[in-house]
Amino acid sequence: MSDDNPLAPPPWLNAPPVDAYPYEESHDLRVGPKLHPTLDGLLPYVGVWRGRGRGGYPTIEDFDFAQEIRISHDGRPFLFYESRAWILDEQSRPVRPAGREVGWWRPVLDGERATGELEVLFSTPTGVMELYLGRRNGTQVELVTDAVVRTSTAKEVTGGHRLFGIVEGALLYAQEMAAVGQGLHPHLSARLLRVAG
């Protein structure tokens with residue numbers, strides 16, 4: 001706003017367009033920005049992973065699924081996490097899209113040093129946002145929910161527990177969930193192979 005004319009449009013209103021986002025993000029440690037040193041313990045997770053798993057819950061029938069997880073960084077002290085899954089039929093053919101989520105893995109720091117503790121955020125398009133606290137032990141990561149926030153129309157999710165590990169070069173995980181009046185029960189597990197990174 002101008003002192004001369006308090007109702008004048010802001011200077012950015014008629015500014016020229018900007019170029020594309022100028023900073024690179026990478027899931028491949030050979031290209032792009034240098035991995036932030038506080039992420040060294042999570043380095044094995046950076047990449048694109050694809051594979052299959054099995055899901056279920058006391059309130060639904062078991063199902064097979066395929067999944068792709070992309071874990072990338074932009075040089076700052078956090079990882080970006082994106083997961084896409086799809087249901088498979090008995091012949092491993094895609095049936096329909098399934099769960100999606102995005103999030104961030106942040107190491108807890110003591111000054112400039114990672115402590116091994118993690119703060120992890122996951123958000124789904126179905127209106128569930130989860131804050132996990134956890135710990136990295138070697139190539140294993142264990143997370144437990146600290147808080148769950150839901151939109152008014154989202155499924156009732158009240159808690160979760162996730163275990164990730166790099167085993168013989170593959171990304172394995174198991175997820176437990178407390179939802180729709182049920183306590184904590186196994187929900188998803190999968191084995192994913194690195195396809196990029």
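The model is predicted. In the UniProt record, an unreviewed entry, the annotation "binding site" covers Thr 59, Lys 155 and His 187. From this set, Thr 59, Lys 155 and His 187 belong to the lining of the largest pocket.

**The largest pocket**

- The largest pocket holds about 840 Å³ of space.
- Its lining is made up of 36 residues, and the closest to the pocket centre are Ala 98, Gly 99, Lys 155, His 187 and Leu 188.
- Several strands each supply at least two residues of this lining: β2 (60-72), β3 (79-88), β4 (94-110), β6 (128-137), β8, β9 (170-179) and β10.
- Strand β4 gives the most to the lining, with 6 residues.
- Sorted by class, the lining has 18 nonpolar, 10 polar and 8 charged residues.

**Lys 155**

- Lys 155 sits in the loop between β7 (140-150) and β8 (157-167).
- Lys 155 has a relative accessible area of 45%, so it counts as partly exposed, a class that lies between the cut-offs of 20% and 50%.
- Not counting residues up to four places away in sequence, Lys 155 touches Val 128, Arg 150, Met 177 and Val 180.

**His 187**

- His 187 is part of strand β10, which covers residues 185-196.
- The relative accessibility of His 187 is 14%, and it is therefore classed as buried, since buried means under 20%.
- Apart from neighbours within four places in sequence, the contacts of His 187 are Arg 54, Gly 55, Gly 56, Tyr 57, Gln 175, Glu 176 and Met 177.
- Met 177 is in contact with His 187 and is also touched by Lys 155.

**His 73**

- His 73 is located in the loop between β2 and β3.
- His 73 counts as buried because its relative accessible area is 1%, and the class buried means under 20%.
- The side chain of His 73 reaches the backbone nitrogen of Gly 75 at 3.1 Å.
- With neighbours within four places in sequence left aside, His 73 is in contact with Glu 24, Glu 25, Ser 26, Leu 29, Pro 33, Lys 34, Leu 35, Val 46, Phe 78 and Leu 79.

Notes. Residues numbered from 1 in each chain as written. Predicted model: local features only at pLDDT ≥ 70, side-chain atom pairs only at ≥ 80, totals over all residues. Heavy atoms only, no water. UniProt positions renumbered as here; feature names shortened; annotations may be inferred. 1 Å grid on protein atoms, 1.4 Å probe; cavity = no way out; pocket = protein on both sides within 12 Å on 5 of 7 lines; lining within 4 Å. Helix = DSSP H or I, 4+ residues; strand = E, 2+ residues; numbered from the N terminus. Buried < 20%, exposed > 50% of the residue type's maximum accessible area, 1.4 Å probe, protein only. Contact = heavy atoms within 4.5 Å. Points joined across faces, edges and corners; volume = space filled by probe spheres on them. Nonpolar A, V, L, I, M, F, W, Y, C, P; charged D, E, K, R; others polar. Polar contact = N/O pair within 3.5 Å; in protein donor to acceptor, adjacent residues only side chain to side chain.
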